[in-house]
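Hello,

Here is the structure I promised to pass on to you. Have a look first, and my notes follow below.

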Amino acid sequence: MADHLVVFTPSGRRGRFEEGTNLLDAARSLGVDLDSVCGGRGICGRCQVVPGDGEFAKLGIVSRPDHLSPWSASEALYRKRKGIAEGRRLGCHATVCGDLVIDVPPESQVHRQVIRKEAEARDIAIDPAVRLYYVEVDEPDLARPRSDLRRLLDALEREWGLAALAVDTHVLHELQRTLRAGQWTATVAVHDGAALTAIWPGFVDAACGIAFDVGSTTVAGHLCDLHTGEVLASAGAMNPQIRFGEDLMSRVSYVMMHPGASGELTGAVRECLDTLAGELCAGAGIERETVLEVTLVGNPIMHHLFLGLDPTELGGAPFALATDESVRLPASALSLRLNAGARAYALPCIAGHVGADTAGMILAEAPHEGDEVVLLCDVGTNAEIVLGNRERLLAASSPTGPALEGAQISAGQRAAPGAIERVRIDPATLEPRVRVIGQAAWSDEPGFASTQVTGICGSGIIEVIAEMRAAGILRGDGTIDGGLQARTGRIQPEGRTFGYRLWDGVTITQNDVRQVQLAKAALQAGARLLMDHYGIDTVDRVRLAGAFGTHIDPAAAVAIGLIPPVAVDRVSAAGNAAGTGARIALLNRAARAEIEAVVRRVEKIETAVEPRFQEHFVAAMGIGESEPATAGTRRTRRRER
Ligand code: FES
């Protein structure tokens, strides 16, 4: 029989195939990434391909759509039921009758990439831990007695090569009813290629997962389609543990002082996660049973609490974690009402103060893959700081306090509509212009007049301090220059110090400036300490993560010396990197092995026991662009090597 050349793009893989070979078989034999859930039965539509039309000189081939067999009855039926875009064919039914260039579009690739918008961000390859398989199971036969389960497992091995599967008990409970309801066809979910975790009658192709980011103040969840990687719904809620204490340490103290309270905090956060899961499913219009997978990140105390681990040891030195391994468990063990076979995966913590949220940030930012030395900072009440590249990675946590989140600032508030987030001060008149969240116009532009100003958020605080310094209102040591009262009514006495009236009801007091100085000194000192350990005095790039990092103006961050010296264009926002890391671990199982390996080699630096931390802290208290290390101690990475 004649054979023909078939070239698959974009992989460029090619081979000669006998006339009549279907494209799914051809693709598989060449290792081309072409999806299928139904095993070539013309049901799932995942195997769609586009035959090329014309001469492909570079590939040395002339391809025509009619070099494929005419439309089969199954393809026509699929087209009638679900529609196929013009020019596409079902790879499992179209067979080779001439030379062909076959394009596999991204949505037909099993390991398609989810393109992340930011230039610095890496794409996510879709390869979730759980996959769906459609099977046709032999009917029971008196002449050849085998159990329903045996025939199902035989079919999975025969059709999909899945052998030695463990079977969840709840699948056994549903098995006989399901097989009969599906008239001996079923779709199963297989986790990590090893465990049969769910079963539905007939063909099903919806599988979702939720990535949770459990913060001390807020809990966020992203519901993702495990096939496309698309985020179907996102939702957030306040962490209900706040009723046991505003900050982490007060919650640990509550646990220490009330025997059994750990369970209460665990119950509260789990209930919150479950409610959020319900909201996400409702928002996306899917059933809870469709959710087969969950990933979680959180700081060490949150991580311990949602897993039901007592966080007491994290309340004091030496801050011992119960485990620094990733944790895999049934989602039902976290009281999550999802598919009965859903699995949960908690990313590993790194150290007593550096949690699974930081592991998520590393996964999202992948500093371990590049040559550039990157400084990653996630600023909250503590700043989690990671420094390094493919050679070394170091991590620490630094006690920045809540000032950078707008707390403990006289007119501070969270980043929400009405909060001042941008500030400019005219150095000649000392008059400010501001912009607030939720209003595009600056205060001196039309459209601002009726805007309600409710306070100032973290990024606004950084900007106002930078602008006050640039305008000469602040001295280098951080004191507000009371002598300027003669020039402007905006400088007002506040007891023995002075304040700058930025807006009606928003005055930047000397104490506000001090709070920011303490916070920025802590962040800078943590970063410097890691740089000392690495043996460098500059970094190639800075990425600021979290809500604060997303809104901050890099120029202001550099201007006040929040971060070590670096060109402004080398500073950028990383968004919610911890949540993104949870989403990567949800969509790509190899990422789990990757972060587990990376975390093992992260060098943990404990700021509390390092005398140099205090030195750096004191040196970083001034307001102004930070200086590189002194000439005598100046070292560079290259010289170090
Ligand atoms: S593999 Fe399912 S339709 Fe082709």
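**A covered helix and some salt bridges**

Helix α8 (residues 356–365) is mostly covered, with 10 of its 10 residues buried; among them are Asp357, Met361 and Glu365. Buried means under 20% relative accessible area, exposed over 50%, and partly exposed in between (1.4 Å probe, protein chains only). Helices (H or I, at least four residues) and strands (E, at least two) are DSSP runs, numbered from the N terminus. Just after α8, Ala366 takes a positive phi of about 50°.

A word on the source: this is a predicted model, where local features need pLDDT of at least 70 and side-chain atom pairs count only at pLDDT 80 or more, while totals for chains, interfaces and linings use all residues. Residues are numbered from 1 along each chain as its sequence is written, and side-chain values use heavy atoms, leaving out hydrogens and water.

The structure holds 35 salt bridges (a side-chain nitrogen of Lys or Arg within 4 Å of a carboxyl oxygen of Asp or Glu). One of them joins Arg89 to Glu75, with the closest N and O atoms 2.8 Å apart. Arg89 lies in strand β6 (residues 89–90) and Glu75 in helix α2 (residues 73–82), so this pair ties together parts that are 14 residues apart in sequence. Arg89 counts as buried because its relative accessibility is 6%, and Glu75 counts as buried at 0%.

Glu463 also forms a salt bridge, with Arg424, at 3.0 Å between the closest N and O atoms. Finally, a network of salt bridges links Asp138, Arg146, Arg150, Asp154 and Arg158.

Best wishes
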